[in-house]
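These are my notebook entries on a structure that was new to me. I set down what I looked up, in the order in which I looked.

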Amino acid sequence: MAANKLCCTLAIGALLCLGFAALIQAQDKPVTDVCLGCICEAISGCNQTRFCGAGVCGLFRITWAYWADGGKLTLANESPQSEDAFANCVNDPYCAANTIQNYMTKFGQDCNGDGGIDCYDYAAIHKLGGYGCKGELSYQYQSALDKCLTTFSPLDVRTSG
């Protein structure tokens, strides 16, 4: 039963990745579609229910400060100063994904000391922040990320920067 739930969850993550592909086509975006999907899977199980609580919002569990560092993107030309701009953006998968791309452009770095910048680094930056990414990730987050990347990385048509 647990294996079926994991497979279903991973399949949903893969479908979400494919959905991101329509928006994230440019090669200059640092995070691959599969990596975005796996970060989503690891952090929230890609739960698309509109959510804000404990200082985070959306399927990527983004904070207001993260959103601000990611450029305060908005939907439909909404003002970034609008009371709802943050929640509206980060609860939208495309706006949230673009916020992450901007954040990683700003803070992308080799967090694990392997000499490259890849999804493991982006996942650490996403969870621990641009200045704390060398810290320890929780076992649950790391193992969900590992499982997802092992399953879906062969489907990625480009490599991360």
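**Entry 1: Asp69 and its partner.** I began with Asp69, which at 31% relative accessibility is partly exposed; that class lies between buried (under 20% relative accessible area) and exposed (over 50%), with a 1.4 Å probe and protein chains only. I then looked for a partner and found that Asp69 forms a salt bridge with Lys106, the closest N and O atoms being 3.6 Å apart. The term requires a side-chain nitrogen of Lys or Arg within 4 Å of a carboxyl oxygen of Asp or Glu. Asp69 belongs to helix H3 (residues 64-69) and Lys106 to helix H5 (residues 93-107), so the pair ties together parts that are 37 residues apart in sequence. By this rule I counted one salt bridge. I noted the general point that side chains of opposite charge can pair when their charged atoms come close.

**Entry 2: the basis of the values.** I recorded that the model is predicted, that local features need pLDDT of at least 70 and side-chain atom pairs pLDDT 80 or more, and that totals for chains, interfaces and linings use all residues. Residues are numbered from 1 along each chain as its sequence is written, and side-chain values use heavy atoms, with hydrogens and water left out.

**Entry 3: the chain.** I found seven helices and two strands, which run α-α-β-β-α-α-α-α-α from the N terminus on. Helices (H or I, at least four residues) and strands (E, at least two) are DSSP runs, numbered from the N terminus. Of the 161 residues, 44% are buried.

**Entry 4: H2 against H6.** Which angle do the axes of H2 and H6 make where they cross? I read roughly 45° for helix H2 (residues 33-44) and helix H6 (residues 119-128), whose axes come within 10 Å. Axes are lines fitted to C-alpha atoms, for helices over the stretch in contact, and angles run from 0 to 180 degrees between N-to-C directions. H2 is therefore oblique to H6; angles under 35 degrees count as roughly parallel, over 145 as roughly antiparallel, 65 to 115 as roughly perpendicular and the rest as oblique. Cys35, Ile39 and Ile43 of H2 make the contact (heavy atoms within 4.5 Å) with Cys119, Tyr122, Ala123, His126 and Lys127 of H6. I sorted these residues into six nonpolar, one polar and one charged. Ala, Val, Leu, Ile, Met, Phe, Trp, Tyr, Cys and Pro count as nonpolar, Asp, Glu, Lys and Arg as charged, and the others, Gly among them, as polar.

**Entry 5: H5 against H6.** H5 and H6 pack at an angle of about 100° with their axes 11 Å apart, and are therefore roughly perpendicular. Ile100, Tyr103, Met104 and Phe107 of H5 meet Tyr122, Ile125 and His126 of H6. This contact has six nonpolar, one polar and no charged residues.

**Entry 6: H2 against H7.** I found the axes of H2 and helix H7 (residues 139-152) 8 Å apart, at an angle of about 145°. The contact includes Val34, Cys38 and Glu41 of H2 and Tyr141, Leu145 and Phe152 of H7. Its residues divide into eleven nonpolar, no polar and one charged.

**Entry 7: Asp121.** Is Asp121 buried or exposed? Asp121, in helix H6, is buried, with a relative accessible area of 0%. Leaving out residues up to four places away in sequence, I found that Asp121 touches Gln109, Asp110, Cys111, Asn112, Asp114 and Gly116. Asp121 and Cys133 are twelve residues apart in sequence and 7.5 Å apart in space, C-alpha to C-alpha.
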